Amino acid sequence: MKRNLLLVIFLILAVMAPGVCQPSRALFQEFRPKICLVQYYKNVSSQSQIGSYFKVKQYRIGVIVAPDGLVMVNSDVYPLSLDIISGEGASFSFGEPSDFKVKLFDEKEYEAEFIGKDDQVQAAFLKITAPLPAPLPYVDFASGEEIEVGQPVYLLELLQERYNFEPLFTPYTINAVIPTPRRKLLINAENYALSAGGLLITAAGEAVGVTLRSSMDFSFRPPSEFEEFHKEYLEIAPSEWFRDLIKNPPMLGKAEYQGKAWLGIGMQALTPELRDYWQTPSEGGIVVNRVYPASPAEKAGLKVQDVILTFDYQPVDIKRNEDLNRFKEMITAKAPGASVELTLFREGKTRKQKVKLDAAPRAIDLAEKIQLSELGVEVRELTRDILYDYNLPLDTEGVYVYQVDHASPAGLGGLEVGGIIIRVDGQAVQDLQSFAAMIKRANEGNPRKIMLQVQQRRETQFVFVDVK
Amino acid sequence: MRVVLLLWFAVIAGLLAQTEEVPFQKQVFVARNRVLPALVHVEPIIKIYTRGEEQHAVVTGSGVIFSPDGYVVTNHHVAANAAKVWCTLSSKERITASVVGSDPSTDIAVLKLNTEELADKNIPHARLGNSDSLEVGQIVLALGSPLGLSRSVSMGVISSIDRYFPSQGTMISPYNLWIQTDAAINPGNSGGPLINLRGEVIGINARAVFFAENLGFAIPINLAREVAEEILKGTAVKRSWIGIDIQQIKDLKEYLNLPDFTGVLIVQVEENSPAAKAGLRPGDVLRKIGDTQVNALYEESLPTIRKIISGLPLDQKTAFRIWRDNKERTVEIQAVEEPLIDEPELEAPKWGMVIKNLSWHIYRMQMLSDFNGVYITSVKPGSAGEYADLRAGDVVRKINGETVKGRQDFQRLYEQFQESNTSPVFLELIRGGHSYFAVIKPRAEL
């Protein structure tokens, strides 16, 4: 009798709430085991002891994307720049993150390692290294291309530590779609859950996107030009951003790492004013304002003041500098090594030019390093981003000063981050090894001071390091 | 310890002896009376350039009359860009003055009072003293208009006679050391005299340090006098240049372990400069210029050496004795006139921007390889320049294909454009160390 009553109540409930309560609860239960808590240590460089880092514990939400333990998180877990076109330049203040751990729905915790990232789409990948008892439930992303304004969706996130990282499941509506430079979705809501990486699920039960970290606008504007109070929205990357990456995750390992496709130019948009002045045949384009030495662009004979009208048979319809990223995306969508045809406008004439793209050179953040804690300096092999930045010839030899301990002999002598040590005691420095050998030799004798000749951009400085 | 005590006795005895002769208060009155009548409250109406256009402002400074015909010495930063200068004398008569000349590198300017406006043609003037014989601890008075409070006198001692400031920020002083004093100096004291108890001007007060107490700095009068004399001869102070930056040799001397080592270390040789053409390179040590030995064990000696170089003849070569790798040799260098002259800003109203001659800072930041160009100091919101995406810091290298060598060139090309005023103007800029292109389209008056 009691059992019958329960059945009746159940039936009434089921009839009263068809397809509202029950499916969302089911969705939550379906996706809950497919997200995880990622824990790691951010390593912040100590300014007072070279080679030592402050460990700061961090948490992120991860999405399990393959049964073998592949986890996708926001790329901010790895703050170092990879190549000269990704990231935000040298970080200086961070070492590599460490001690990654992944905590699953069942509270089991596994060690994991960082395998790679793609800054352009804010995605990084971790791999659980400990053996797994069984394949993991994982998210198989469906296409997010059809998502439109007004569509009801659910967001699955994790709460902060004070709420014990419990999952947060919220119905929303897509409130805006931002088409350029890369299509993204906006929800008119605050970001209260654990930072970026939350999962976007449609009412039909398909995972179609992840939340991005809130974008910050550092662009300088005079006070009169502030358009509005800066409000933040929940930004979402539809799955097109990263679906291919899940199949073929980026690898950071030294042998495998490859920069993105790179052309090697500095650029500005072909504004209507420039177009009128030069009388180019079509509207929009990319004006080349710098050609990097030894880049694909230089090898193909591109020149400053060339205008790129088409890229790989697609028109380059860029009229504002705000849209330059669209051209960068056209390039990075190609494989490094791919040949593309450009239509160039030069001195009143149009011409076709084939260019073989190349992988972008590595950034200084990934360069080989030596930490000399007694001297108080971390030096790195010279990478092309530094030479480009300083306008120095590519055959410049020396080592790059990446970190200085201010209370060390080097710091007290006046050595500063950003310099290139080109000579030690008058002898030319070729590379890291020769530098380390020179310092060792200088210390072996009866040293009083070491003389370093340092170059930064076009300025020279002599630093006398007291090693008594 | 005994020595120190003896010194103390000597000082106290000296002071006692002095006070017996003339009471201290009386000495202060005497000194005051000798200079106060020649003190001038200076109120220039200066042109300032912000947000892309010329504006006017009244500033307050001080000055001192140093000749019976009404010449006044003050600071460059008081009188620079003055459209009109008002001077109030100690008699409280308010008259106009004209700027005779101004030198940014030493922060000295000379004004001429329009004496015909004065009822009493007897113009009091102060006597300039000798700043080479100053001593730390010597009692001094500062006269001027701190925060606009005219005819103020403050007292203190000389805290240091050889304060060196590397040429950074606004405190440029490549050619002199500063007199530091604890006599209260505030904004408005600028250009006023620092005097000794004999009533002689020994410095021109120029700077105070904000958020600090009793840290004032004055330009030694010997330098001020020299610059003022040059200004009175012509209008601009011209300096010679060979293209080197120098550093003291204390560390190098210890590094080399050569106790008798002298000279000054060359750290920077500017590309294509006379020094570069003569083969000088960073790391060389300069020991002699002509017949003059140069030695800078400490940085305090650097201004003197810079001054020697800035005074080199332009019409003949000078022998430079150079030490390199334990060998000495002599090279002949012909100095040229210093490039990158600091001239007033220039407004281009139709383009909504203000430009200035290149500074060394911009030259280095933008990694320029020659001295052509002017840089934009500000762009007017809503102007044609803003629509063309011009920005402060951009270097204008070419206008419609023509090279802009400096301010005059820019002005000529700008005016040329104003006459024709038909087509858009194509600018080739340097931004962030590389090219940038912009087109200015004429816009209706805003």
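**Around Val396(B)**

A: Let's start with the neighbours, bearing in mind that this is a predicted model. Leaving aside residues up to four places away in sequence, Val396(B) is in touch with Ile355(B), Gly373(B), Val374(B), Ile376(B), Val404(B), Phe410(B), Leu427(B) and Leu429(B). As background, nonpolar side chains in soluble globular proteins tend to be buried together.

Now for the domains. Chain B is assigned domain 1 (23–237), domain 2 (240–337) and domain 3 (346–440). Going by C-alpha atoms, the centres of domain 1 and domain 3 of chain B are 36 Å apart. Six residues of domain 1 of chain B and twelve residues of domain 3 of chain B make up their contact. On the domain 1 side, strands E1 (39–50) and E2 (53–58) of chain B each put in at least two residues, and that side consists of one nonpolar, two polar and three charged residues.

Finally, the chains themselves meet: 25 residues of chain A contact 24 residues of chain B. On the chain A side, at least two residues each come from strand E15 (265–269), helix H4 (272–278), strand E16 (286–291), strand E27 (449–456) and strand E28 (459–466) of chain A. E28(A) gives the most, with five residues. By class, that side of chain A splits into eight nonpolar, nine polar and eight charged residues.

Terms used. Residues are numbered from 1 along each chain as its sequence is written. Chains are lettered from A and ligands numbered from 1 in the order in which they are written. This is a predicted model: local features need pLDDT of at least 70, side-chain atom pairs count only at pLDDT 80 or more; totals for chains, interfaces and linings use all residues. Domain bounds come from an automatic or database domain assignment. Two residues are in contact if their C-beta atoms, placed from the backbone, lie within 7 Å. Helices (H or I, at least four residues) and strands (E, at least two) are DSSP runs, numbered from the N terminus. Ala, Val, Leu, Ile, Met, Phe, Trp, Tyr, Cys and Pro count as nonpolar, Asp, Glu, Lys and Arg as charged, and the others, Gly among them, as polar.
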